Amino acid sequence: MTIFLPSDITIVERIANGDDRVLSMLYDKWRSEFENVLRPNCSASHQHEIDFEELYQESVLVLYYNILNGKIFINDGKIHCIDRYNEIKPLKANLKTYLINIGKNKLQAEIRRVSKNLDIFDRTYMFGDSCSPEDFDNKVYDLDAESLTYLGKLPAIVDFNATW
């Protein structure tokens, strides 16, 4: 079934006036493209950790609440937004691009969160359960410095036990 969406201005007007049907329409229409754009921005090691459906739901809600709360609005027949500095500016992108950018920001935050969890796994896998984050950093530095010395990248006189 093909879904036809009204113009971005009409979408903003209808959501601002409480018409949730248009939200449902754009949710169905833009879902696959959202994931197709964002999935390549995520490494293979993170893709199984990230729920793209949930990411999409959260991004649509941010768009929805930005319209309801007046951060995105119509003025003089154009869509405007209030940026993070509370300045009113014309929206430079269409709503779909705006939604995808919300998703990209959420994806980056999720990758940072997942990466912290992977760091704990890596630390345990490499050096055992008793390795603290500080010990891990020191051990990794020692490994890197020894490897670089072996490859002739650092002079052999470097004191690996020195605190930096």
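1. The largest pocket holds about 370 Å³ of space. Of its 14 lining residues, Cys-81, Ile-82, Asp-83, Arg-84 and Tyr-98 are the closest to the centre. On a 1 Å grid over the protein atoms alone, a pocket is an open set of points where a 1.4 Å probe fits, with protein on both sides within 12 Å along at least five of seven lines; lining residues have an atom within 4 Å of a point. Grid points are joined across faces, edges and corners, and the volume is the space filled by probe spheres set on them.

2. The model is a predicted one: local features need pLDDT of at least 70, side-chain atom pairs count only at pLDDT 80 or more, and totals for chains, interfaces and linings use all residues. Residues are numbered from 1 along each chain as its sequence is written, and side-chain values use heavy atoms, with hydrogens and water left out.

3. Strands β2 (78-82) and β3 (88-90) and helix α5 each supply at least two residues of the lining of the largest pocket. Helices (H or I, at least four residues) and strands (E, at least two) are DSSP runs, numbered from the N terminus. By residue class, this lining divides into six nonpolar, three polar and five charged. Here Ala, Val, Leu, Ile, Met, Phe, Trp, Tyr, Cys and Pro count as nonpolar, Asp, Glu, Lys and Arg as charged, and the others, Gly among them, as polar.

4. The second largest pocket has about 160 Å³ of space. Its lining consists of Val-62, Asn-66, Tyr-98, Asn-101, Ile-102, Asn-105 and Lys-106. The classes are three nonpolar, three polar and one charged.

5. There are nine salt bridges, counted where a side-chain nitrogen of Lys or Arg lies within 4 Å of a carboxyl oxygen of Asp or Glu. Among them is the pair Glu-33 and Lys-96, with the closest N and O atoms 3.0 Å apart. Glu-33 lies in α2 and Lys-96 in α5 (residues 95-127), so the pair ties together parts that are 63 residues apart in sequence. Glu-33 is partly exposed at 34% relative accessibility, and Lys-96 is partly exposed at 24%. Buried means under 20% relative accessible area, exposed over 50%, and partly exposed in between (1.4 Å probe, protein chains only).

6. Within α2 (residues 21-38), Asp-28 and Arg-31 are three residues apart, about one helical turn. Their side chains meet in a salt bridge of 3.7 Å, N to O. Asp-28 is partly exposed at 39%, as is Arg-31 at 31%.

7. Two further cases involve salt bridges. Glu-87 pairs with Lys-89, the closest N and O atoms being 3.7 Å apart. Arg-14, Asp-19 and Arg-21 are linked in a network.

8. In helix α1 (residues 8-16), Ile-11, Val-12 and Ile-15 are buried. Seen down the axis of α1, the buried residues fall within an arc of 95°, so they line one face of the helix; the arc is that of the directions from the helix axis to the C-beta atoms. After α1 comes Gly-18, with a positive phi near 90°.

9. Cys-42 is in the loop between α2 and α3 (44-47) and is buried, at 5% relative accessibility. From Cys-42 to Lys-104 the C-alpha to C-alpha distance is 9.8 Å, while the two are 62 residues apart in sequence.
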